[in-house]
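Please read each point with the model in view.

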Amino acid sequence: MKSKTSLILAFETSCDETSVAVIRDGRKVLANEVATQIKSHQRFGGVVPEVASRHHIEQITICLEQALQTAQVDYADLSAVAVTYGPGLVGSLLVGVTAAKTVAWAHHLPLLPVNHIAGHIYAAQFVQPIKFPAMALVVSGGHTELVWMPTENQFEIIGETRDDAVGETYDKVGRTMGLAYPAGPQVDQLAQQGHDTFAFPRAMQDEAGYDFSFSGLKSSFINRVHHAEQVHEQLSQVDLAASFQAAAVDVLVDKTVRALHEYPAQQLILAGGVAANHELRQRLASAVANQVRLVMAPAQFCGDNAAMIGAAGWMLEKHQVRADLDLNANPSLEFERIQLKKH
Amino acid sequence: MKVLALDTSNRPLTAAVLDGNQLLATTTITTERKHAAFALPLVAELLERAHLQPTDLDRVVVANGPGSYTGLRVAVTIGKVLATTLKIQLVGISSLATLALNFSDTNRLIVPLFDARNDLVFSGVYQTEPAGLKTVLPDRHVAFSRWILELQKFHDNLLFVGQDTLHFVDQIKESFPTAVVVSGPKALPQAGELGLAGQKQAVVTDVDHFVPRYLRLTQAEADWQREHPGEEQHNYVEHL
Ligand SMILES: [Zn+2]
């Protein structure tokens, strides 16, 4: 008899972090090895896909061995292998998908195909078990979306960005201010010392529906800075950052609060790399305090990591969702389009 | 010795399982481009046909480039992960040399060739000897017009091989009227040959640092290096 303990080996290589983790019963992180390439991509001011893929293949077995060693487990102890198969950069995803398939095949283990966004959401499990129905606000460099989860294995996007992701906007605004990539955390830091004096536009706040838009805010910010340069006007960096952040957070909080009126969630989950943002965490917490229980992923699991993929993989394992060895990367994977094979 | 051999460097996908010199099962496919999806199912099927378990393998041999960047990473990832997870031996062989392995009976110098676009090619020069294949000129990424000039020193005793020789056949014939140009089935990589050759080669001692031989920097890195001479570092990836 196989023991009922779930022990998942998880791979995540969707962007510029190579990560391998071992997760017990969906909630206990036994190991979470993360190799970040930020320093490499800083040379180029953003992630260069081919460079990212090359780093992944340099790191993949190092992370695998380290994770198993830290977790003190052997292949024979494992119950499944989970892997991010999308969305993300196709060349990067392929290294993780190929590695996961190879391990699964070599050791006769089930293969669990994880949506990267589901992974971000399931990082909340490291704080407390998710209670359904739940709502998630997913904010990162590539994503800005409100995800409604009526039950454990159902994800519906009710609102998403129509143009730039919020994290992407942070990076572009930061670049305009002369900050190094990735600029998001630096903008957040500066914003905490300044005041909202520039009155940047709050896009789509009056529109019905839950879609977001950040391109107007971005253009307005860039135009203001360029205009100041032309007339040799000195702008306060901290007030610029604070004004931008106030506008971005206003929109995120406003839409989320409105969505919660229509969708009666038991929990609101804040997830994704931008979920580490101080102002967003504080403002969202006070805005929904009387409405719903807010669960924020621990800061260390907000960025891309394989632990969260293991947590989401555990949910697939429970529902016996598996992939075959012909699993391919799907760079533009979305919740609505998920097609999984049930065995 | 039970050996798995795999080449995903270009459009052909070829895999084989061998027991020493005996080829147990092999398949070559030229109609599929999605090597990442199909390489492992093919490997699984071949092992099944050979009545072997993954744990029966002693060695995995992969073609490690040059070739399509994405393609190369499929076989190299499978190879290094198998070597790590099953604690078996790993061997990497040039994808160009893999083509040359098809011509063990020629006394011509073998010039395998992949089109790298914009008049650039990946190529090298090999010679068949009783002990095996010998590298005469190492693999390189080079302008075809320059490569033709460099090959002049070998006079006309050449055999060009590769699916992509079709694009260059006129230029080849102009410079080397009696050269042999092979672009048919014999210009496809054969994993059986790869598996045989791989048994005679030294195994990779540092599997973690085994990476594809791209033979070419990414455009972003080349541009950056030009603008930042002498600033190249080696710690671009940090473990958190
Ligand atoms: Zn992410």
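1. Asp304(A) is buried, with a relative accessibility of 17%; buried means under 20% relative accessible area, exposed over 50% and partly exposed in between, using a 1.4 Å probe and protein chains only. His116(A) is likewise buried, at 5%.

2. This is a predicted model, in which local features need pLDDT of at least 70 and side-chain atom pairs pLDDT 80 or more, while totals for chains, interfaces and linings use all residues. Residues are numbered from 1 along each chain as its sequence is written, chains are lettered from A and ligands numbered from 1 in the order written, and side-chain values use heavy atoms, without hydrogens and water.

3. The zinc ion is coordinated at 2.1 to 2.2 Å by NE2 of His116(A), NE2 of His120(A) and OD of Asp304(A). Donors are N, O and S atoms within 2.8 Å of the metal (3.2 Å for Na, K and Ca); water is not among the atoms, so sites may look incomplete. His116(A) belongs to helix α4 (residues 116–122) of chain A and Asp304(A) to the loop between β10 (293–296) and α10 (306–318) of chain A, so the pair ties together parts 188 residues apart in sequence. Helices (H or I, at least four residues) and strands (E, at least two) are DSSP runs, numbered from the N terminus.

4. In chain B, 5 strands form an open sheet of mixed pairing, in the order β8-β7-β6-β9-β10; two strands pair if DSSP finds at least two bridges between them. The edge strands, β8 (132–143) and β10 (180–182) of chain B, each pair on one side only.
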